[in-house]
Every structure is written in structure tokens, then in C-alpha cells.
Amino acid sequence: MSARNAELLTAGVIFVLLLIAPPLLEALGLGYMTGLLMKAMLLAIAALSLDLIVGQGGMISLGHSAFVGLGAYSLAIGLESGIDNILALMVIALVVSGLFALVTGALALRTSGIYFLMITLAFGQMAYFTLTSLAGYGGDDGLTLWSLATLFGSKVVQNSGQLYFVILGVLLATWWLLHRITHARFGRVLRGARDNAERAEVMGFSVFRYRLTAYVIAGMIASIAGLLTAQQNEFVSPSLATWQHSGDLLVILVIGGIGSRNGTILGAFFIVIVQELLGAILPEWRLIYGPLLVLVVLFAKGGLNTLLTPGQGRRAA
Amino acid sequence: MSFTLLLIQCLNGLQYGTMLFLIAAGLTLVFGVMGFINLAHGVLYMVGAYLAFAFLNLTGNFWIAALLAMVAALVFGLALEHFVFRHLYTRNHLDQVLATFGIIIFLNELAKVLFGAATLSIPVPALLDGSIPLTPELNYPVYRLAIIGVGLLVAALLYGIVSHTRVGMLVRAGATTPEMVNALGVNIERLFMIVFGVGAMLAGFAGVIAAPIFAIEPGMGDNILIVAFVVIIIGGIGSIRGAFVAALLVGLIDTLGRSLATEMTGFVFSPSMSNQIGPALASMLIYILMAAILIFRPQGLLPAKGTA
Amino acid sequence: MSVLDIQNLSKSFGAVRVSQNVSLSVEAKKCHALIGPNGAGKTTLIHQISGVLTPDAGRIRLDGQDITAFPMWRRAQAGLGRTFQISSTLASFSVLENVALAAQAKAGSSMRFFGRAAAETGLNRKASDILARVGLADRAGILAADLSHGERRLLELGIALAGGPKFLLLDEPMAGLGRVESERLTDILADLRREIPMLLVEHDMDAIFRLADAVTVLVDGVVVARGTPDEVRNDPAARAAYLGEDFE
């Protein structure tokens with residue numbers, strides 16, 4: 001079986017399991033677990049988008065949660081302003097995050113390597129502080145959403161409706177879109193520039209344009225994850241945009257194996273499960289989680305994905 | 001705003017700037033010389049503050065506590081270097097980010113477990129307690145002036161070391177052409193350890209002197225770390241002079257911005273609007289400055305290349 | 001008409017003048033060699049032509065188009081192909097994909113987000129043809145990282161050719177090659193030179209005498225001699241520059 005078929009098959013299994021999970025959990029009396037699954041899927045969407053920058057582009061961003069925050073606040077502020085159609089709110093989120101990505105990305109990409117990480121971190125922090133200073137929308141404390149987005153008046157996109165399957169659908173769409181982009185001409189240029197930016201430039205590609213485009217696409221997808229997170233939590237707060245949250249997304253990528261979409265989804269589930277499990281046993285679970293990260297970096301290269309598909313490298317397409 | 005208030009804000013800005021410098025100086029050297037991304041640098045600032053708190057409770061004397069805390073911060077930094085960071089120098093940036101991120105998570109939680117989540121404080125030492133009149137209407141706390149003085153002193157000392165000693169020469173060379181340092185047959189591992197130890201001690205020192213005037217709390221190093229990154233980007237990676245100038249600039253702009261922004265935006269917008277926009281704009285100022293630097297001088301104000 | 005036309009190029013680093021009024025032009029179907037002792041400013045000149053460095057003064061024209069201020073990728077789009085002194089390939093790409101990506105740069109927009117690039121027969125066929133030409137056809141499927149040094153030099157050339165260049169800038173293509181490999185590469189270049197004009201920076205004098213129609217000698221950033229290989233061989237200034245070392 002080729003690596004490509006293995007990838008599609010693994011994805012198929014993951015998505016079928018996610019599709020049958022809610023009724024199954026309900027039957028087992030574990031209905032409350034669907035909330036955790038939704039949380040993991042939303043993390044997976046944000047992490048998948050980050051992988052386009054980190055895994056395919058080779059650019060380490062530490063400001064990705066800013067886009068999650070922008071998406072969530074697009075929903076909150078849109079709802080407060082009387083817009084309640086989720087499609088309209090998504091358009092707002094895409095435009096806002098796309099513009100933010102375009103401006104900050106263009107600045108961050110003026111330099112490279114070590115700088116990129118610091119600049120994305122700084123701009124992410126700027127977004128975070130801007131959100132905390134929105135006194136009219138809850139400031140530091142965040143804002144409870146008393147009304148939620150609808151799909152042309154239908155509550156199907158709410159917790160009381162079928163939000164689980166909406167999120168699953170968005171996850172599937174994200175997976176598919178990124179799969180296509182990665183294997184398309186665009187993705188190949190991006191990977192070429194990751195391997196050797198000067199070579200790609202000498203071949204005739206404006207590396208800056210391709211990287212910026214990837215940055216904007218990733219930011220826009222992450223904003224949709226943020227918007228749906230707000231819809232699921234029925235609450236927004238600046239904490240969605242903290243740099244620690246960006247760090248969590250990077251952890252998911254590394255745990256899952258950089259460049260692997262299936263690994264990223266599993267990484268998101270792994271993180272949610274570990275945090276919940278450790279958290280249930282030990283309130284101070286971070287005392288274990290922190291050193292665990294250090295150990296994973298020092299001793300376990302390749303992530304979960306290498307367990308799934310042996311022989312596939314760390315930087316698979 | 002009165003002139004007096006403006007003067008106070010300028011002094012506060014300078015004081016914030018010197019604190020930033022103490023943190024950014026170590027960070028920029030570790031970056032410049034080792035090419036190592038150390039997110040855990042800010043957490044050493046927190047460690048310094050907690051150590052000062054702990055030693056003050058033990059000894060009852062601020063000065064002894066401060067000295068012990070600095071030594072302990074140095075030992076702690078060297079231990080981190082020895083057990084973790086040393087194994088990361090040759091790794092890619094992503095590995096460095098994740099491992100140091102793990103250390104932050106651990107130490108923040110450890111601080112919470114050992115000292116509680118509530119904010120702590122220690123009193124200003126008696127010798128520096130009180131205010132002195134700068135103008136007839138203006139009294140300014142002696143302790144804050146002392147911080148500015150100490151910050152300037154450390155800056156001068158560091159600058160002297162980096163530009164006039166053998167170790168400093170290697171540090172400069174390392175920041176611009178690491179291959180050359182290698183070629184000189186210098187013991188790179190020891191150079192890294194020294195640079196790292198000095199950086200850790202400076203960050204710890206910043207934490208110690210911050211302890212009497214800022215809240216000591218878990219996570220206190222996280223936000224200041226990012227501001228230190230902004231300082232480094234503005235100043236130029238690996239440059240002590242750049243870090244100094246940028247730290248003072250960022251300290252002043254941030255402090256003045258926060259006190260002036262609402263008034264300034266009040267000229268353009270209605271009072272209720274400016275109450276919304278002012279604080280948001282103030283918190284963005286230093287990042288806007290960083291963006292401007294990236295547009296017009298992407299190598300930073302005083303880049304390490306070719307200078308001290 | 002000259003395909004590459006360099007006029008009065010000057011570049012200084014502080015007080016060091018690395019290029020002083022360098023002019024050089026290469027006509028269609030010609031191979032022009034650039035030689036000079038180490039530190040003569042050959043590499044800085046190459047960097048100015050390829051866009052790594054911007055000259056302080058002077059003009060560079062490619063096929064009549066002024067490319068002096070172009071970034072690297074636009075020079076490539078304008079028809080400048082180059083190889084690096086130190087092999088520069090995409091290590092995690094297969095040999096075929098290295099060349100196919102280079103071909104992609106010249107085959108319409110790459111801002112395409114759908115459709116498998118690896119399955120584009122047009123690009124793959126072109127890449128295969130080029131690999132056959134540089135003698136790497138049987139290595140198409142392996143990773144560039146797994147090539148031998150000599151093979152990587154050939155891949156360098158293949159990548160440069162895939163862009164369909166109007167002009168080739170070859171920066172010490174024989175560097176680090178053994179005698180047999182050098183001769184093999186020289187054969188390939190001899191085959192190419194009537195098709196694509198080239199500027200060849202090289203230390204291998206055998207290759208230069210076989211390939212070059214004209215030679216320019218650069219010393220301390222200044223052109224000290226120019227002519228056919230035979231003329232330069234007998235030029236006193238050129239001989240002085242080399243102090244007779246391997247110059248027979």
C-alpha cells in the first residue's frame with residue numbers, strides 16, 4: 001500500500017469514528033464526552049492550519065492563536081451588532097483575520113528564521129492585549145454570548161442542534177482543502193522554499209509571495225476554528241489568543257508529527273485526553289505535562305505519526 | 001496633563017526600560033551568540049522574584065536575600081543549561097521552542113504549588129524607602145530612582161565587558177560570525193555556559209529588584225518576555241547597545257502611551273469612544289513601533305554586525 | 001547582440017573595492033570564462049549578476065532587458081539560470097521533483113491550489129528529458145539528499161536548465177569533481193554551449209580551454225586581461241596574476 005493510500009485510509013477511519021462517536025458515547029452513557037471531542041476537533045482545525053505554515057512552509061509561528069481569538073471575537077462582536085447568520089459572521093471572521101494576516105505576515109516575512117518566530121509572537125500578543133482592552137466587550141473577563149449564531153434562523157449550528165456535526169464537517173473540509181493545497185503546485189513551491197529558500201528563489205519563485213499567501217490562508221482557517229469555539233463555549237475571552245495557546249498548537253503538531261495531517265488530528269485528541277486525564281487525577285497536572293514536553297523533544301522525534309506509518313519521515317508531505 | 005505628571009511618567013518609563021534592558025540583554029546575547037531561542041528566559045525573572053521573597057522570609061534582610069537570590073538564580077540558570085538547553089543548541093528552532101515552553105509551564109505551575117496563586121509582595125528595603133523631592137511639587141520614590149541607577153550601571157558594565165575584554169570579543173564575534181569563533185579553537189561550550197549564566201543572572205536580578213514594587217505571581221515573566229523580544233527586534237539581535245536604546249525607548253513609549261493615549265484620542269474622538277480606543281491604542285504602541293522598525297530598518301536600530 | 005551585457009559594474013564593502021568598473025558581455029552561442037586568483041572578486045561579481053548583491057553602480061542587461069534592480073526570482077523569470085558553487089538542491093525532494101519544480105516556475109502560474117503537481121505529465125516529461133540530458137535518468141526516483149557529490153553537481157545543472165534559461169551562470173561547476181566526472185560534465189556543457197550562452201567561472205583550465213570562446217581575467221576586482229584562451233594564456237598581466245601556477 002502506498003503512503004498516499006495509507007494516509008487516505010487512516011483519515012477515513014478517523015472520520016468514520018468521529019461520525020459514529022456521538023450516538024456510541026450516548027449509548028455508553030458517556031454523552032458528556034462529545035463536548036471534549038468537539039474541543040479536540042476545534043483544536044485540530046487550528047493546528048491543521050498552523051501546519052501549513054510550520055510543516056509545509058518551515059516557518060515557526062508563535063502567534064497563531066491571535067487568529068483564533070479574532071475569529072471568536074468576530075462572532076461575538078457581530079452578534080452584539082445584530083448579525084446572527086453564521087455564514088455572514090464567517091465572512092467577517094475571514095476578512096478580519098485575512099487582513100490581519102496580510103499585514104502582520106508581510107512584516108514578519110521581511111526577515112526570516114529566528115525573527116519570524118519573535119515577530120509573530122509579538123503581533124499575536126498585540127492582538128491579545130487589544131482584545132483585553134475592548135471594555136465594551138468584556139475586556140479581560142470576556143463576554144458571555146446570550147444569543148448565538150444561526151443558519152438562516154435555524155439552530156442547527158448551535159449546541160442544542162447539530163454543532164458537533166457542523167464542526168466535524170468543517171474539520172473534514174479543512175483536512176481536504178489542506179491536503180489538496182499541499183499536493184498542488186502551490187504546496188510544492190512552499191515545500192521547496194522550506195527545503196532551500198534561495199534555491200526556490202533562483203528557480204524563479206517569489207518565496208515571499210508564496211509564504212505570505214500560506215500565512216493568510218492559515219490565519220483565515222484558524223479564525224473559523226475560533227468562531228466555532230466561541231459558538232460552542234457560548235462565551236469568548238481573550239485567553240483564546242494567549243501565546244500559551246499558540247504554544248499548545250505547536251505542541252499538537254510536534255506530538256502528531258510535523259507535516260502529517262492525520263497525526264495532527266490525533267495530536268489534538270491526545271492533548272485533550274492527556275490534559276483531561278492528568279487534570280482529573282492531579283490538579284497540578286502541568287508539573288507533569290511540562291517535563292513531558294521536554295522529554296518528548298529530547299527523546300521522541302517524529303511524533304504519533306511515525307507510529308501510524310512506519311518509515312514515513314518527519315517532514316512528509 | 002501637568003509637567004510634573006509628565007516628568008513622573010518619564011521616570012517611570014525609564015525605570016521600566018532599565019528593567020526591560022536587564023532581561024533583554026541576556027536574551028539578545030543568547031540569541032546572538034548561540035542562535036538559541038530561549039522562551040524560558042522570562043521565567044528566570046519570575047524565579048528571581050520568588051527567590052528574593054523566599055530568602056527575605058528566611059533571613060529577614062533584603063540585601064542578604066537579594067545577594068542569595070542572585071547567586072541562586074545563577075546556579076539555577078546553569079543547571080537548566082547543563083541538564084536541558086545544552087542538548088538543544090544543535091536542534092532546530094521548533095524543538096527549542098517546545099522544550100523551553102515545557103519549562104515555562106512547569107516552573108509557572110511549580111511557583112503556584114509552592115507559593116500559591118495569589119500575588120505576593122515584599123517591602124521596599126528601609127535604606128531606599130521614602131521619596132525625595134525632584135521639584136517643589138514632585139516627590140519621587142528613591143527605590144525607583146535606584147533601579148534606574150543600577151540599570152545604567154549594569155548597562156555600562158556590560159558594554160565595557162563586551163567591547164573591551166577577551167570574552168566580550170568572543171561574544172561579539174559569536175554574534176556576527178559563529179564559524180570564526182569555532183575556527184579560533186575557543187571552547188564554545190564554555191563560552192555558551194558563561195553567556196547563558198550571565199543572562200540568567202541578569203534576568204534573575206531584574207526579578208529581585210522588581211519584587212518590592214511589582215506583584216510577584218506565577219506567570220509574571222511571560223508577558224515581559226514578549227516585550228523583551230520586541231526590544232531585541234527593535235535594537236537588533238545580539239547587540240547590547242541596541243538592546244539598551246530599544247529598552248529605554250520601549251519603556252518610555254509604553255508608559256507615556258498608557259497615560260496619554262486616552263487624552264490624545266480625546267482630541268479626535270468623543271470621550272466615550274476615546275475611552276475605548278485610547279487603551280487599545282496604548283497597548284499597541286510598542287508593536288506599532290516594532291512594525292515601523294521592520295519596515296524601515298529591518299536589521300534593527302543598532303545591529304550587532306560590525307559594531308559592539 | 002549580447003545576451004548578457006554588463007557595463008561598468010562597481011561594488012565596495014567599506015573601503016574595499018571588490019568590483020571596479022567591470023564590463024563584460026557574452027554573445028549568443030558563446031561560452032565566456034571568468035578566471036582569476038582566489039579573492040579576485042569573481043564570487044562578488046557572480047552575486048551581483050545573480051541578484052544576491054546589488055551593485056553600487058553600473059548596469060546589467062539580459063537579452064536587452066535591464067535586470068540590475070531585479071530580485072533573484074525575477075532574474076530567473078527573465079531567463080537567467082544559475083548553478084551554485086556549493087551544490088544547492090532540495091534535499092527532501094526526489095531528483096525528478098527538483099527538476100520538475102524548476103520547470104514549474106516557467107510553466108504558467110504556480111498559485112494553483114488544486115490538482116496534483118506531481119501528476120502533471122507536462123512537467124514530469126520535461127524533467128525526465130532534462131535528467132536524460134545531464135545523465136541522471138536512472139536516479140530520477142531517489143532523494144536529492146542521497147545523491148553523490150558528483151551527481152548533485154549534475155542535478156544543479158539540470159535544475160538550471162529546467163527553467164528554460166536564455167543564459168547560464170555557472171559558478172565553479174567542476175568544484176570537487178574527480179577527473180572522470182569533470183570530463184563528463186565538460187562533455188555535457190560542450191554540447192550545451194551552442195544552444196545557451198554561458199558565463200563560466202572555473203579553476204579547471206582543461207575545461208576552460210575546451211569550452212570557452214573568450215576569457216576574462218579578474219584581479220582585485222579589476223579586469224586585467226581579456227581575449228581568446230590562447231591570447232590570455234600568453235598575456236603577461238594574466239600570467240603575473242597567476243604567477244605561473246597551473247597555467248599551462
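Two residues count as being in contact here if their C-beta atoms, placed from the backbone, lie within 7 Å. With that in hand, the contact between chains A and C takes 21 residues from chain A and 27 residues from chain C. What you're looking at is a predicted model, where local features need pLDDT of at least 70, side-chain atom pairs count only at pLDDT 80 or more, and totals for chains, interfaces and linings use all residues. Residues are numbered from 1 along each chain as its sequence is written, while chains are lettered from A and ligands numbered from 1 in the order in which they are written.

**Where chain A touches chain C**

- Helices and strands here are DSSP runs, numbered from the N terminus (helices are H or I, at least four residues; strands are E, at least two).
- On the side of chain A that touches chain C, α6 (163-183), α7 (185-195) and α8 (197-203) of chain A are the elements that give two or more residues.
- α7(A) brings the largest share, six residues.
- By type, this side of chain A splits into seven nonpolar, six polar and eight charged residues. Ala, Val, Leu, Ile, Met, Phe, Trp, Tyr, Cys and Pro count as nonpolar, Asp, Glu, Lys and Arg as charged, and the others, Gly among them, as polar.

**Where chain A touches chain B**

- This contact takes 36 residues from chain A and 35 residues from chain B.
- The elements of chain A that give two or more residues to it are α5 (114-132), α10 (243-256) and α12 (286-299).
- Here the largest share of chain A's side, 12 residues, comes from α5(A).
- Chain A's side facing chain B divides into 26 nonpolar, seven polar and three charged residues.

**The six-strand sheet of chain C**

- Strands pair if DSSP finds at least two bridges between them, and an open sheet of six runs in the order β6-β7-β8-β3-β9-β10 of chain C, with mixed pairing.
- Its edge strands, each pairing on one side only, are β6 (80-83) and β10 (222-227) of chain C.
- On average, neighbouring strands of this sheet are turned by 20° against each other, direction ignored.
- β8 (198-201) of chain C is covered on both faces: Met198(C) and Leu200(C) on one side, and Leu199(C) and Val201(C) on the other, are all buried. Buried means that 20 or more other C-beta atoms lie within 10 Å of the residue's own, against 12 or fewer for exposed and in between for partly exposed, with C-beta atoms placed from the backbone.
- Side chains in a regular strand alternate between the two faces of the sheet.
- β3 (31-35) of chain C runs parallel to β8(C), joined by four bridges, and Cys31(C) has Met198(C) as its bridge partner.
- β7 (167-171) of chain C is also parallel to β8(C), with four bridges; Asp171(C) stands opposite Val201(C).
- β7(C), helix α6 (179-192) of chain C and β8(C) make a right-handed β-α-β unit (with the strands pointing away from you, the path from the first strand over the helix to the second runs clockwise).

**The four-strand sheet of chain C**

- Four strands form an open, antiparallel sheet in the order β2-β1-β4-β5 of chain C.
- At its edges, pairing on one side only, are β2 (16-27) and β5 (65-66) of chain C.
- Five bridges join β1 (2-13) to β4 (57-62) of chain C, and Ser10(C) has Ala57(C) as its bridge partner.

Methods:
Axes are lines fitted to C-alpha atoms, for helices over the stretch in contact, and angles run from 0 to 180 degrees between N-to-C directions.
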